[in-house]
Amino acid sequence: MQPTHIEHIGIAVNNLEESIEYYENVLGLTCYAVEEVTDQKVKTAFFMVGQTKIELLQATSEDSPVAKFIDKKGTGIHHLAFAMDNVADALNDAEEKGVKLIDKAPRNGAEGLKIGFLHPKSTGGVLTEFCGKK
Ligand code: CMX
């Protein structure tokens, strides 16, 4: 099991529209998609930077993981997502190596991708996502 690249960096924001403006006006990036992921209780906005995406995350309800994160730590980098050929296999491998999983099996994420999270307590404090087509 080895990631092919960093698929995206997730950033928790309070206001998607204001944050999109920053990435477009200051960094010159283009927001190519805005999508609500009901399963994760977030609204997302995506920018491409080379092979890697920036994913802005705004909570859609008070019990969203992103709302809880901002309450506790404030806005900023929320998670790191690695591209994997097979998310289910990658999650199983990590669990066999003693990592605590948030998702035992892949769930549906943005852009039609399969996603699964590893618990930050098992990864040195970095909420880690595996992400891929299957
Ligand atoms: N990065 C690092 N640490 C984090 C974290 C994050 N993003 N979110 C929570 N934590 C830490 C907290 O600081 C806390 O640590 P302490 O016990 O030392 O204070 C601990 O994890 C528990 O946090 P909590 O606030 O009590 O929250 P929960 O345990 O209820 O949930 C987590 C934490 C990571 C299990 C939950 O946020 C989760 O399931 N995340 C995965 C799903 C997700 O984040 N979805 C949104 C993005 C979806 C997308 O990209 O499409």
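The model is predicted: local features need pLDDT of at least 70 and side-chain atom pairs pLDDT 80 or more, while totals for chains, interfaces and linings use all residues. Residues are numbered from 1 along each chain as its sequence is written, and side-chain values use heavy atoms, without hydrogens and water.

Three helices and eight strands make up the secondary structure of the chain; helices (H or I, at least four residues) and strands (E, at least two) are DSSP runs, numbered from the N terminus. Starting at the N terminus, the order is β-α-β-β-β-α-β-α-β-β-β. The radius of gyration is 14 Å, close to the 14 Å of the globule rule for 134 residues, so the chain is as compact as a globular protein of that length. That radius is taken over C-alpha atoms, and the rule is 2.2 Å times the number of residues to the power 0.38.

The eight strands form an open sheet with mixed pairing, in the order S2-S3-S4-S1-S5-S8-S7-S6. Two strands pair if DSSP finds at least two bridges between them. The edge strands, S2 and S6, each pair on one side only. S7 and S8 are antiparallel over five bridges, and Lys-114 stands opposite Gly-132 in S8.

| Strand | Residues |
|---|---|
| S2 | 31–37 |
| S6 | 107–108 |
| S7 | residues 114–118 |
| S8 | residues 128–132 |

Buried residues (under 20% relative accessible area, 1.4 Å probe, protein chains only) make up 40% of the 134 residues.

Note on methods: Buried < 20%, exposed > 50% of the residue type's maximum accessible area, 1.4 Å probe, protein only.
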